[in-house]
Amino acid sequence: MTMLTRSLGNSGPQVSALGLGCMGMSALYGEADRTESVATIHAALEAGVTLLDTGDFYAMGHNEMLIGEALRAAPAARREQALVSVKFGALRGPDGSWLGYDGRPAAVKSFAAYSLQRLGVDHIDVYRIARLDPDVPIEETVGAIAELVEKGYVRHIGLSEVGAGTIRRAAATAPVSDLQIEYSLISRGIEDEILPTTRELGIGITAYGVLSRGLISGHFTADRQLGAGDFRAMSPRFQGDNLRHNLDLVEALRKIAAQKGVSVAQIAIAWVLSRGEDIVPLVGARRRDRLTEALGALDVTLEPADLAAIEEAVPAGAAAGERYPAAQMAHLES
């Protein structure tokens, strides 16, 4: 297996070509097995994966504590190679409800203090607000992270789900290493303005949702029953005619994957990898077998003819339905 190394922007760290998104081990995708989750993190580290992504609001701190547990139990060499990316700022109620976002400087520093404790580390490698706080200028939020960098509590400043204008303002305040944003075959909105902006400024991309929450993994079926706690039960792309249309796209992709002798998930991840050395896909594997499949994408070479066939099968804008429910779309910048 080939393990490429990529950089999170001009000012960011060198990381493995794939990162592990750990959210699903704690929340939003139904029940997860804690033992298997820890084993999956260990398997990722053993395979050379260095980037672990989380958020302090994923199950109200559960995900950070899970990663902390996994890191403590990992061999020292593997633990030292791990780079942890943390999103903050999303406010939650005791019932799990979403209460908005807080990017005030004092809140930024308070969130960081709790994350350091839950993770059991002395610094966070990449720190970013999960969504823009509409009531706080991004310059104030990024400035607070920059102060944490100066004091050694944070190594690199990141952004998440913001538009080109906000990226420029943030980068003018302090060096920004990375933008985390959704990017996949069926979520290509960054290509028009955001990706050119990050490339102009030397900012890397951490791409989440590369399998569109399992929709284009090749494993999701139209008759799958989703629990009440599963985000996909409310996601427009997983509803009714939208789902049937999107799964037709998957079947078209499956034919191309079969010709290559790889899985649908592998060709979908390989497509994201092919988009540039400045893009690091996050895979949301919760089990070791899914992790192994995802890592296999590193050995998939897409020739120009393959990329043309993929574009024909799943052209830009082909997906049916928005990537989030309307209330959550309102918090995203394009």
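Me: How many aromatic pairs does the structure hold?

Reply: This is a predicted model, and it holds six aromatic pairs.

Me: Why is the pair of phenylalanine 88 and phenylalanine 111 called tilted?

Reply: The planes of phenylalanine 88 and phenylalanine 111 are 35° apart. Stacked needs under 30 degrees and edge-to-face over 60, so the rest, this pair included, count as tilted. The centres are 6.0 Å apart, and the limit for a pair is 6.5 Å. Phenylalanine 88 belongs to strand E5 (residues 83-88) and phenylalanine 111 to helix H4 (residues 105-119), 23 residues apart, so the pair links distant parts of the chain. Both phenylalanine 88 and phenylalanine 111 are buried.

Me: What makes the pair of phenylalanine 220 and phenylalanine 238 edge-to-face?

Reply: The planes of phenylalanine 220 and phenylalanine 238 are 75° apart, and over 60 degrees counts as edge-to-face. Centre to centre, the rings are 5.0 Å apart. Both phenylalanine 220 and phenylalanine 238 lie in the loop between strand E11 (204-208) and helix H8 (240-260), 18 residues apart. Phenylalanine 220 and phenylalanine 238 are buried.

Me: How do you know that the charged end of arginine 92 sits over the ring of tryptophan 98?

Reply: The charged end of arginine 92 is 3.8 Å from the ring centre of tryptophan 98, and the distance limit is 6 Å. A second condition, within 35 degrees of the ring normal, also belongs to the label. Trp98 is also part of one aromatic cluster with Phe57 and Tyr58.

Me: Why are H5 and H6 called oblique to each other?

Reply: Helix H5 (residues 138-150) and helix H6 (residues 164-173) pack at about 40°. Roughly parallel needs under 35 degrees and roughly perpendicular starts at 65, so H5 and H6 are oblique. Their axes are 9 Å apart, and H5 passes H6 in a right-handed crossing. At the contact, Ile138, Glu139, Val142 and Gly143 of H5 meet Thr166, Arg169, Ala170 and Thr173 of H6.

Me: Why is glutamate 161 called buried?

Reply: Glutamate 161 has a relative accessible area of 0%, and buried means under 20%. Glutamate 161 is found in the loop between strand E9 (154-160) and H6. Its phi is near 50°, a positive value in a residue other than glycine. Most residues other than glycine have a negative phi.

Me: And what makes serine 212 buried?

Reply: With a relative accessible area of 2%, serine 212 is buried, because the cut-off is 20%. Serine 212 is in the loop between E11 and H8 and has a positive phi of about 50° although it is not a glycine.

Notes. Residues numbered from 1 in each chain as written. Predicted model: local features only at pLDDT ≥ 70, side-chain atom pairs only at ≥ 80, totals over all residues. Heavy atoms only, no water. Helix = DSSP H or I, 4+ residues; strand = E, 2+ residues; numbered from the N terminus. Buried < 20%, exposed > 50% of the residue type's maximum accessible area, 1.4 Å probe, protein only. Axes fitted to C-alpha atoms, helices over the stretch in contact; angles between N-to-C directions. Parallel < 35°, antiparallel > 145°, perpendicular 65-115°, else oblique. Left-handed = near helix turned anticlockwise from the far one by under 90°. Contact = heavy atoms within 4.5 Å.
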